[in-house]
Amino acid sequence: MLLENQVVVISGVGPGLGRGLALQCARAGADVVLAARNALRLAEVAKEVAQLGRRAVPVEADITDDAACQRMVDTALESFGRVDGLVHNAFAIPPLTDLATVDLEAVRAAFETNVLAALHLTRLFTPALVEQSGSIVMINSAVLRHSRRTFGAYKMSKAALLALAQSLSTELGPQGVRVNTVAPGYIWADNLKWYFDYLAKKRGVSAQEVYDENAVTLDLRKLPEPDEVADAVVFMLSPLARAVTGQCLDVNGGEWHH
Ligand SMILES: NC(=O)c1ccc[n+]([C@@H]2O[C@H](COP(=O)([O-])OP(=O)(O)OC[C@H]3O[C@@H](n4cnc5c(N)ncnc54)[C@H](OP(=O)(O)O)[C@@H]3O)[C@@H](O)[C@H]2O)c1
């Protein structure tokens, strides 16, 4: 049990990786604090965690709201008295449009969620994390590895998140807190399944064909599933990674080599 009796806070629990993180942390022995805006989904994931024999405390929160972030800290400490891990999974995708024309307000909004909220939450959780010699993981993206058209604004925000993780590692390392990044590529979950179905219908081919066309671009010929990405995060949070900080682990089936 890599996270036996630890407490992990996850910001941004959706149906994809967020749910996978909650379940894999629980399977590794952790209790979890789950934050997002959709209370119904939080309750569903919390129920699944409970079925695994661990405690899950949902906190309905918009992480761009200062008071909501403080509520996450208060709830975590009141419920468990400690925090060992913080995972920043929440993200906002700015419009997938060229930088020449992208709406700047939308880019600012993406930075609020993807970068500034991650910094704000880290600041608020730092005292508790220092007490446990804890660990932070920022969820990034394979967008770091390419500069394809229309991804510019998303890449800007995720590149800033990587810079944030690296600089926080320098600042918090002397206090015993590790800060790392996990960068998934494809995640074979609801969003991508829906998109491949849409492409298949549009082109008059099967969804399996669309899957195969994409999978063949990965060394492992298989799109990573949420639990497979989450396991890399569990590793980063665990004592197995006790000498690892300031690093970025790509979990992409070999799509990009880094
Ligand atoms: N999906 C992919 O293929 C893919 C690929 C590479 C990297 N990633 C990265 O992996 C991470 C997870 O992606 P995912 O697609 O699997 O998402 P997910 O875990 O299914 O959901 C993330 C959740 O974050 C929550 N969130 C967004 N803004 C928030 C805010 N202001 N406050 C609180 N919660 C907020 C949303 O829930 P509410 O609406 O309920 O708040 C959303 O459902 C992201 O960091 C993403 O950049 C994803």
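Because the model is predicted, local features need pLDDT of at least 70 and side-chain atom pairs count only at pLDDT 80 or more, while totals for chains, interfaces and linings use all residues. Residues are numbered from 1 along each chain as its sequence is written.

The strands come up again and again below, so a word on naming: helices (H or I, at least four residues) and strands (E, at least two) are DSSP runs, numbered from the N terminus. Two strands are said to pair if DSSP finds at least two bridges between them. Strand 1 (residues 7-11) pairs with strand 2 in the parallel sense, over five bridges, and valine 9 has valine 33 of strand 2 as its bridge partner. Strand 2 in turn pairs with strand 3 (residues 56-60), parallel and over five bridges, and alanine 36 sits opposite glutamate 60 of strand 3. A crossover counts as right-handed if, with the strands pointing away from the viewer, the path from the first strand over the helix to the second runs clockwise. Strand 1, helix 1 and strand 2 form a right-handed β-α-β unit, and so do strand 4, helix 4 (residues 104-131) and strand 5.

How well covered are these strands? Burial is judged by counting: a residue is buried if 20 or more other C-beta atoms lie within 10 Å of its own, exposed if 12 or fewer, and partly exposed in between, with C-beta atoms placed from the backbone. In a regular strand the side chains alternate between the two faces of the sheet. In strand 2, Asp31, Val33 and Ala35 take one side and Val32, Leu34 and Ala36 the other, and all are buried. Strand 4 (residues 85-88) has Gly85 and Val87 pointing one way and Leu86 and His88 the other, and all of them are buried. Isoleucine 10, in strand 1, counts as buried because it has 29 C-beta neighbours inside 10 Å.

Turning to the ligand, 29 residues surround it, and the closest are Gly12, Gly14, Gly16, Gly18 and Asn38. A residue is taken as near a molecule or strand if its C-beta atom, placed from the backbone, lies within 6 Å of it. Helix 1 (17-27), strand 2 (31-36) and helix 6 (190-203) each put at least two residues into this shell. Sorted by class, the shell has 16 nonpolar, 10 polar and three charged residues; Ala, Val, Leu, Ile, Met, Phe, Trp, Tyr, Cys and Pro count as nonpolar, Asp, Glu, Lys and Arg as charged, and the others, Gly among them, as polar. The ligand lies between domain 1 (7-187 + 225-251) and domain 2 (188-223), because both give residues to the shell. These domain bounds come from an automatic or database domain assignment.

Threonine 150, in the loop between strand 5 and helix 5 (152-172), has a positive phi near 75 degrees although it is a residue other than glycine. Threonine 150 is partly exposed, as 13 other C-beta atoms lie within 10 Å. Arginine 221 likewise has a positive phi, about 60 degrees, without being a glycine. Arginine 221 belongs to the loop between helix 7 (207-215) and helix 8 (226-237) and is exposed, with 11 other C-beta atoms within 10 Å. Leucine 77 is found in helix 3 (residues 66-80) and is partly exposed, with 16 other C-beta atoms within 10 Å. From C-alpha to C-alpha, leucine 77 and valine 7 are 9.7 Å apart in space and 70 residues apart in sequence.
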